[in-house]
Amino acid sequence: MSYMKELTTSTTFKKISPFLFCQAIIWAFIFFGALLTTVTLKYTDFSSSLLPFISLIINGLGLLLGGFIAGRKHKKHGWYKGGLQGIGYVVTLFLISFLAFEKQMSINPMLFGTFAFSISALGGILGVNTK
């Protein structure tokens with residue numbers, strides 16, 4: 001049996017893959033939302049004072065979407081699988097801000113983690129209940 005065949009049929013790969021897929025969905029949504037916001041700010045007279053609120057909305061929608069897809073893929077324990085996506089997002093964001101920029105988050109990490117877990121868990125609950 002080839003190495004690639006063993007890798008794709010192993011149970012560890014199958015357990016890790018949905019988590020990474022949903023994380024990629026979250027980050028892609030946030031990236032394109034930020035890109036759209038940047039273009040909007042650049043080429044319109046849109047007020048930049050709304051930027052923190054827009055950023056919060058984009059993050060929330062990305063987390064909701066990631067939790068939704070996680071819940072839909074797993075078909076049970078949607079709040080748990082969706083919530084893990086939120087925790088994974090917060091840990092990744094914390095590591096990037098700490099290691100790359102040597103700055104702490106401007107918002108309390110526990111508050112942001114609670115927000116991310118709750119929104120992703122809600123998405124997971126909604127994802128489990130759709131067919």
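What is the handedness of the crossing of helix 4 and helix 5? The crossing is right-handed; in that class the near helix is turned clockwise from the far one by less than a right angle, and anticlockwise in the left-handed class. The model is predicted: local features need pLDDT of at least 70, side-chain atom pairs count only at pLDDT 80 or more, and totals for chains, interfaces and linings use all residues. Residues are numbered from 1 along each chain as its sequence is written, and side-chain values use heavy atoms, with hydrogens and water left out.

**View 1. The chain as a whole.** The chain has 5 helices and 0 strands. Its pattern along the sequence is α-α-α-α-α. Helices (H or I, at least four residues) and strands (E, at least two) are DSSP runs, numbered from the N terminus. Of the 131 residues, 27% are buried. Buried means under 20% relative accessible area, exposed over 50%, and partly exposed in between (1.4 Å probe, protein chains only). The accessible surface comes to about 9100 Å², and 72% of it belongs to carbon and sulfur atoms. These areas come from the Shrake-Rupley method with a 1.4 Å probe. Among contacts between residues at least 6 apart in sequence, 76% join residues at least 24 apart. Contact means heavy atoms within 4.5 Å.

**View 2. Helix 4 against helix 5.** Helix 4 spans residues 78–100 and helix 5 spans residues 109–128. Their axes come within 6 Å and cross at roughly 145°. Axes are lines fitted to C-alpha atoms, for helices over the stretch in contact, with angles from 0 to 180 degrees between N-to-C directions. Helix 4 contributes residues including Gly82, Gly83, Gly86, Val90 and Leu93. Helix 5 meets them with residues including Gly113, Ala116, Ser120, Gly124 and Val128. By class, the contact has 13 nonpolar, 8 polar and no charged residues. Ala, Val, Leu, Ile, Met, Phe, Trp, Tyr, Cys and Pro count as nonpolar; Asp, Glu, Lys and Arg count as charged; the others, Gly among them, count as polar.

**View 3. Aromatic pairs.** The count comes to 6 aromatic pairs. Rings of Phe, Tyr and Trp (its six-membered ring) pair if their centres lie within 6.5 Å; planes under 30 degrees apart count as stacked, over 60 as edge-to-face and the rest as tilted. Tyr89 and Phe112 form a tilted pair, 6.2 Å centre to centre with 50° between the planes. This pair links distant parts of the chain: Tyr89 sits in helix 4 and Phe112 in helix 5, 23 residues apart. Tyr89 is buried at 2% relative accessible area. Phe112 is also buried, at 8%. Phe94 and Phe98 form a stacked pair, 6.1 Å centre to centre with 5° between the planes. They are 4 residues apart in helix 4, so about one helical turn separates them. Phe94 is partly exposed at 36%, and Phe98 is partly exposed at 46%.

**View 4. The aromatic cluster.** Trp27, Tyr89, Phe112 and Phe115 form one aromatic cluster.

View 5. Gln23 lies in helix 2, residues 11–43. Gln23 is buried, at 7% relative accessibility. Beyond its neighbours within four places in sequence, Gln23 is in contact with Gln85, Gly88, Tyr89 and Thr92. Phe32 also lies in helix 2. Phe32 counts as exposed, at 53%. The C-alpha atoms of Phe32 and Ile58 are separated by 9.4 Å, with the two residues 26 apart along the chain.
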